[in-house]
Amino acid sequence: MSTRLATGGRLLNKSKALNFSFNGTTLKGFEGDTLASALLANDQVLMGRSFKYHRPRGVVASGAEEPNGLVNLGEGGKFEPNQRVTTTELFDGLKAKSQNHWPSLEFDVGAVNAKLSRFMPAGFYYKMFIHPRSFWKHVYEPIIRHAAGLGAAPKDRDADTYEHFYAFCDVLIVGGGIAGLQAAKAAGATGAKVILVEQTAHLGGRAPVDGGMVKGQSVADFITATVADLEAMDNVTVRTRMMGSGVYDHGYVLGYERLTDHAPEMTGPRHRLWRIRAAQTITATGAIERPLSFAGNDIPGVMLASAVRDYAVNFGVSSGDRTVVVTNNDDAYRTAIALKHAGLDVPAILDARPAGTDSDLMTQAKALGIRIMMGHGIATVKGGKRVTGVEVCAQAGEGAVLEEIVCDAVAMSGGWSPVVHLWSHCGGKLTWDDTQASFRPDPNRPPLGDRGQAFVRAAGSANGETTLNAVLSDATACGAAAAKAAGFKSKAAKAPTADEPTERAMIPVWLMPQGAGYKLRSKTWLDYQNDVKVSDVQLAAQEGFTSVEHAKRYTTLGMATDQGKLSNINGLAILSDALNQPIPQTGTTTFRPPYTPISMGSIGGEARGDVFQPIRRTPMYDWHEANGADWEPVGQWRRPYAYVRDGETVHDAVMRETKNTRENLGLLDASTLGKLIVKGPDAGKFLDMMYTNMMSTLKVGKCRYGLMCSENGFLIDDGVVARVSEDKFLCHTTTGGAETIHGHMEEWLQTEWWDWDVYVANVTEQYAQVAVVGPNARKALEALGGMDLSAEALGFMEWADGTLGGFDVRAYRISFSGELSYEIAVPASQGQAFWDALVKVGADLGAMPYGTECLHILRAEKGFIMIGDETDGTVIPQDLGLHWAISKKKDDFLGKRAQQREHMVSDERWKLVGLETVDGSTLPDGAYAVGEGTNANGQRNMIGRVTSSYHSPNLDRGIAMGLVLHGPSRMGEVITFPGTDGKDYQAKIVNAVFYDPEGEKQNV
Amino acid sequence: MLILECPCCGITAEETEFHGGGEAHLKRFGPDSEDKDFENYLFMRENPKGVHFERWRHNNGCGKWFHAARCTMTLEVFGTYSAQTYEPPKALCDAISAKRPGWSWGAFS
Amino acid sequence: MSNLVSALDKATDSSGIAVIEEMGLQGMITLRGDLSAESVKIASTSVTGVEMPAQNMANHAGASGICWMSTDELLILCPYDGVADTLAKMHKLLGDTHSLAVDVSDARACLRVSGPNAREVMAKLAPVDLAPEGFSVGMFRRTRLAQVAAAFWIVDAQTFQIVCFRSNAQYVFDVLNVAAQSGSEVGFFK
């Protein structure tokens, strides 16, 4: 059984016991435990089920590479699925539940898949669910959806908060193992600004577990001294519980800091995503031990040798009472020796290498009385939910069983693979290392930065170094070189030297035994989480999936939440063997960030809830809110759609506002309309290019409605232009158009006509603007008093400065409704006061505020176009019958040349008309009209579409505008619009001006 | 995510302060131009593997447009320069030649 | 006039690790012109009483100051109730120099972040190196704060002043408060 040992546990605080629960059972652990070590200490080896076959799964690793030990963690707003037990620090009250099983972890119905595994080979889903076609939607997909997914999806809103942090440094070091610390010291000594991040809570990595002596000290003491040195350097920042998650272009690196996962009672954000810009990045990310591929290597109790050692040394936990060690290298001997020192039984070390000279570690193991069987391996592991023994065979043969050894744990080691992920994220290339049988960073092909310089270096075992001395010397040189590349002078940094045992070279072992037959290979796992076996990869190769990227997707090898950290190289080796080519020729799949999954919350950072996105507010926002505003987003602005009174629906409110504005008085907050000042000797000339109209001839004091097109002719914005003085214009844009059109003007001024003397300023928000609309508009403003707004003093399309009710105002007599209408601009800081004053004087005149929907109906009743309704980026002014606004006198304006193109002058372009339903109902917005015949796809030919459609309370029927083929010459014709509701709507083509066609109401 | 130096204000900042504006050094063709010229101006764009010239605007900064010479393969930025010019500065072209001998782009090399 | 209300009416929040304040009305004038022109220099410096700032810098004294916005743009700071007079003086001094001076006091909002953690709070939202050795008193930076454009400078070692669009004031205030939430000290700037 697995249990807590009396000795060991260097990371534990045994004076502080913690309670936690697993599947509802309360268990005990210590401060310093991971959930994995605490579960093992309670003999909970079975921790989950695999994805495809629901096989029993126990923890196999001790770090971020863990594929098996995934749990649902927490409850309610703190619930999160697929959390790795090996990286979850234990805290008091932790609640974990195993996942991907039903009804229970011990007994799982889905495990029947495993019995059928012969019939569910690689590509099974692709092959099975294709026929019959009709089955997919109603039979296969629901079943697969039900079965899919590992953990449960969270149901509650995330109770935690998250944030970003921008940091800049000269040298960033990812990994706080002995190599990272040593590199930080060397870089820090040059004065460079250094950040070192370590994903676990502890510095030093696995060096203290592996042992050895540095500069006459134990490795642990050497690390303590190095950390103290770093802490004394003001230019060095060391952060634990922070993973270097991804390396991106130009030295951008994301650091994922877990602030409260280990102590959820703490206040503050849960995760902080560091957005780091580093001149140089060192990946000191260590190496990951590879599993060996033998039958039954997925049975709970089969673990990486290094993990077994970690649990014993770091957490004082035995993974089993009797552990068989199986290896192709010397490092696993350290596990055997550590277990023996902890008083545990190691019945044998099965070493796949042929007999030869003993290394130091072999000699030590022998001296401890451990039986070493050279040239041997495991034929198959016995057991179901737990290892009960191993059948031993010769590595060279086909797996004839030589003897059976009873044990309850297997510690395996297939050698070590450098963690090259961060090196590779931004284009760093790899080279194959024959001695270690692994890919390592190729220093000649590094990721390149903004000036074409190498900006990532790998150090220590991440760089393929395997001995303590080599790691220390590589890290020292790397730290100094990185600082130098970042512009800091380094003195010749001297690496500390270590005393360490000699090791005998490893040999690659990709399959155990070498000649394993199909029966063994089909029980030999590569990817534990996704249930991909040696036989599956071989089948994929046989079926022609010879590219590594194809084989990956066909078999799902390495596509689980661990992204193949354990399975990748083993799978490549099997594929290469099947293709009869060397591994480097097969290559690797692409390493993509993040290194391990990071929370969605951390990616969003502060952007959630009220500040998910900016909401722009006018000065009268609070009044609208207090007076029933039903909000409509317009760009980032919020505008009242309607002001809903008690007992009204939104539609009722819109109808009331629309009638009242025509009959009495409406007030609209028009502050969001863009206002751009254009000034200079060339301002007129410039606006002549910007607008289709002639603006240079506009008289001071007058206004003109203008259209703006892009260079390819399409209408992009419209608005009223007022000439303020001889060299100064004020251009109104659409709501949300202010920034775009300001940018558009600056673009042409800066990049095409830079010799023209024009300055533009965006003064949109300087003014609160109120549209005062309706028959009583003039009366209301006269009640405020101060300036003459009579028809004689201020004619239609004129503006004037003056005062109203004591406010300094600019009054524009313009109308987007066909009513008598003024737009009054006041400084924004007085906007609310002015609005209040209008509401007060308007009370006796039937004043009501109105929202954007009323505004839309009023303009549609008059046949006025709206950018974004009648236009969609493919419509030119000529389509909308706006020829009157397109100057024929001007040689040039933006869009003029494009509007001469053959397609733009074609008679076949759909043109704007009014549409009136035969029965008075409202046409569905966006509906298409159908004509005679069908197109090549057998669809009915389309001859037009609805661009705006409303119920007009003033006309008491539906009105609409639309673009229709040959529309203007088809007046009176009835055309058909099929609705999505199955009904056909009949509408007559009419003039788009439905209301007051003579324009009598606005000219009073 | 790229970093660029704005040649107008001298600030080096990350991409989120900037806005890409497409190909640089387009020559505008107006109302009297031939269809072919206008088509080229409006639609035809370089799509190089390697040296490329583009327009950027420092829209969350000083608001100015500028030009950048960049490698589309390695994302190396060879340099940034004024938007008020019809061609890249010679010093920049020379610097690119040193790193990418034999490059050419549109009319430049 | 009692009718005058700044964007957030001097809202304050000190519940987190820094104090966030909307500072009330501040006179602001956008001046566009050739910054090397003598008339532009005189118009700017004589109304503010401070020297022309260098590129990416701001000079200020109390409510008056000059911020370098761009190669052809300055932001002139002056007392709110003196904007009209200041503009008139500037127009006179600018004469017929091609330029544009316009009141933007109500188009913008001014906020202040203060306290020992002010730098960290700002560094959570702005993609800028705000380390003391990188960003010091007198420097002026236009950039973004989370998702909106903003400009800021350091008044003293513990105080940032921010200028943003008036319509975004509530967003900036709120997002600063999120960045200043209790328990969120970073401890990076030394």
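Predicted model: local features only at pLDDT ≥ 70, side-chain atom pairs only at ≥ 80, totals over all residues.
**The interface of chains A and B**

Begin by selecting chain B together with chain A. At this interface, 23 residues of chain B are in contact with 24 residues of chain A. Colouring the chain B side by class shows 11 nonpolar, six polar and six charged residues touching chain A.

**Two helices of chain A**

Next, select residues 650–663 of chain A, which form helix 20, and residues 852–861 of chain A, which form helix 25. Their axes lie 9 Å apart, and the two helices pack at an angle of about 50 degrees. Helix 20 of chain A and helix 25 of chain A are therefore oblique to each other. The crossing of helix 20 of chain A with helix 25 of chain A is right-handed.

Display the side chains where the pair meets. Helix 20 of chain A contributes A:Val654, A:Glu657, A:Thr658 and A:Thr661, while helix 25 of chain A contributes A:Glu853, A:Cys854, A:Ile857 and A:Leu858. By class, this contact comprises four nonpolar, two polar and two charged residues.

**The largest nonpolar core**

Now turn to the largest nonpolar core, which has 375 residues. The members that touch the most others are A:Val171, A:Ala183, A:Val410, A:Val770, A:Val772 and C:Val172. Select residues 468–485 of chain A as well: this is helix 12, which supplies the largest share of the core, nine residues.

Finally, centre the view on A:Val171. Neighbours within four places in sequence aside, A:Val171 is in contact with residues including A:Ala187, A:Ala192, A:Val194, A:Ala278, A:Gln280 and A:Ile282. A:Ala482, A:Ala483 and A:Ala486 are also among the contacts of A:Val171.

Note on methods: Residues numbered from 1 in each chain as written. Chains lettered and ligands numbered in written order. Contact = placed C-beta atoms within 7 Å. Nonpolar A, V, L, I, M, F, W, Y, C, P; charged D, E, K, R; others polar. Axes fitted to C-alpha atoms, helices over the stretch in contact; angles between N-to-C directions. Helix = DSSP H or I, 4+ residues; strand = E, 2+ residues; numbered from the N terminus. Parallel < 35°, antiparallel > 145°, perpendicular 65-115°, else oblique. Left-handed = near helix turned anticlockwise from the far one by under 90°. Core = buried A, V, L, I, M, F, W, Y, C linked by C-beta atoms within 7 Å. Buried ≥ 20, exposed ≤ 12 C-beta atoms within 10 Å, placed from the backbone.
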